[in-house]
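Colleague: Could you walk me through this one? I'd like to go residue by residue where we can.

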Amino acid sequence: MIKAHAKMAATSIKGARLRSFLTIIGIVIGVASVVTIVSLGEGVKKDVIGEISTLGGNLLTVRSGQAIERDNKGNVTGINIAAALGASTLTEKDVTDLGTVANVESVTPIALLSGTPTTLSDDTYLRAYIVGTTFELPNILGKKVMHGSFFNEGEMSRQVAVIGADVAKNLFHEDSPIGQTVRFRGSNFIIRGVMDKFKASSLELTPSLNDAVFIPIDVAKQIGGGILEIRDIQVKISNENLLDQTNNQVKAVLLKNHSEQEDFTIFKQEEFLSIATQVFGKLTTLVAAIAGISLFVGGIGIMNIMLVSVTERTREIGIRKALGATNRQILGQFLIEAIVLSILGGLIGIALAIIIGIAIAAWTSLTPAFTIQIILMSLGVSTAVGVIFGITPAMKAARKDPIEALRHD
């Protein structure tokens, strides 16, 4: 019986394609919105988990400003994006002192230096920026040098550089410009290596490391006039089991250096996942509210069109009842037609969300992750909308008196 009702619903929808499509637009928009934002959230979580797996759980990241809020138990409860926009409060003394903390294996600063890298032929890549760091950076970040090599401990005072993959491509127009010269702030640097491409982070507030020109931090300080803006300090610990204890010791050292003012943030790797969950949780709530309105409007549209359909097909209902159709069969016919309309809107919405996801992945660093759970959830919501808003017209059709229905013109 359900199969027969579904065929009748398909025939009815085909007979009024434009009207049916206009009816389900609200469903399409609502489902597409929810599927897109939820899949983006899942994609970000997947990226962050991948980054944590690559870097390991034995890495602490110190950043300037109070970027996150915590409760009494130390759990992340909120984020403060504006904290990343202020001047850095981290110093070279912080880097030196953190290296003396027990269980700390290595400490690597990431300092930003103003200047526009150019070639000897005056080609420029405006998105490129300069990073002063140490020879330990590749090991701490878990990245390899794709071409050439990174500068070593004995070259911390030499004018050598390692560039990101995008700098090589856009400034030198080749993958491996080893031995060529890059110039900034009146100094020439010989390119020693090209980093393997960094995966763009969905949560990163600083520029992509693929656009970075890495130079020894001692040289960065020299050409910067003795002033460095340290944005990050990467702290690698020896024993991951002592992570919390080491975290507290790192915090104590920084508080002492900063006159007991907590104008910095210490991130554990897994906390980036918590931040990702919070960011997209809020976005999902906002989009869900918008989608809820769209679904409500779509549901009202389905109910209206089904009421019109019931009126237009009153004589058909009378004939079916005269031939022995029960009220339950009539109700099932019109209810399934409403559900089919709603599911059709859900399917179109899912297809639209996938197209939007492909476009987002192509033009941004975000990569949506579509899962069977998201798709089934969307179809479930679509079905529920069809049932809720289709039941009233279906009951109206089922309750029609067959004699009066047959008299209807």
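Colleague: Is R127 buried or exposed?
Modeller: R127 is exposed, as its relative accessible area is 59%. Buried means under 20% relative accessible area, exposed means over 50%, and partly exposed is in between, with a 1.4 Å probe and protein chains only. Bear in mind that this is a predicted model, where local features need pLDDT of at least 70, side-chain atom pairs count only at pLDDT 80 or more, and totals for chains, interfaces and linings use all residues. Residues are numbered from 1 along each chain as its sequence is written, and side-chain values use heavy atoms, with hydrogens and water left out.

Colleague: Which side chain does R127 meet in a salt bridge?
Modeller: That would be D211, with 3.6 Å from N to O. The pair ties together parts that are 84 residues apart in sequence, because D211 lies in the loop between strand 10 (187–195) and strand 11 (212–216), and R127 in the loop between strand 5 (118–119) and strand 6 (129–133). A salt bridge here is a side-chain nitrogen of Lys or Arg within 4 Å of a carboxyl oxygen of Asp or Glu. Helices (H or I, at least four residues) and strands (E, at least two) are DSSP runs, numbered from the N terminus.

Colleague: And D211, buried or exposed?
Modeller: D211 is buried, because its relative accessible area is 3%.

Colleague: How many salt bridges are there by that rule?
Modeller: The count is ten. One of them joins R158 and E155, at 3.4 Å from N to O. R158 is partly exposed at 46% relative accessible area, while E155 is buried at 9%. E155 and R158 also belong to a network of salt bridges with R192.

Colleague: Let's switch to the strands. Why is strand 12 largely enclosed by the rest of the structure?
Modeller: Because eight of the nine residues of strand 12 (residues 229–237) are buried. Strand 1 (residues 59–64) runs antiparallel to strand 12, with five bridges joining them, and V62 stands opposite I233 there. Two strands pair if DSSP finds at least two bridges between them.

Colleague: How many bridges join strand 4 to strand 12?
Modeller: Eight join strand 4 (residues 104–113) to strand 12, and these two run antiparallel. In that pairing T108 stands opposite Q234.

Colleague: New topic: how many aromatic pairs does the structure hold?
Modeller: Four. F150 and F151 form a tilted pair, because their ring centres are 4.3 Å apart and their planes are at 35 degrees. Rings of Phe, Tyr and Trp (its six-membered ring) pair if their centres lie within 6.5 Å; planes under 30 degrees apart count as stacked, over 60 as edge-to-face and the rest as tilted. F150 counts as buried at 11% relative accessibility, and F151 counts as buried at 1%.

Colleague: How are the rings of F296 and F389 arranged?
Modeller: That pair is edge-to-face, because the centres are 5.9 Å apart and the planes are at 75 degrees. F296 lies in helix 9 (residues 269–312) and F389 in helix 12 (residues 372–398), so the pair ties together parts that are 93 residues apart in sequence. F296 counts as exposed at 51% relative accessibility, whereas F389 is buried at 12%.

Colleague: Going back to F150 and F151, which residue do ring pairs link with them into a cluster?
Modeller: F214.

Colleague: Last one: which residues form the nonpolar patch on the surface?
Modeller: F21, L22, I25, I29, L344 and I348, with about 480 Å² of accessible area together. Helix 2 (17–23), helix 3 (25–55) and helix 11 (327–363) are the elements that give two or more residues to the patch. Patches are made of residues with over 30% relative accessible area and no salt bridge, joining like charges within 9 Å and nonpolar side chains (Val, Leu, Ile, Met, Phe, Trp, Tyr) within 5 Å. Accessible areas come from the Shrake-Rupley method with a 1.4 Å probe, and for residues only the protein chains shown count as cover. F21 lies in helix 2 and counts as partly exposed, at 41% relative accessibility.
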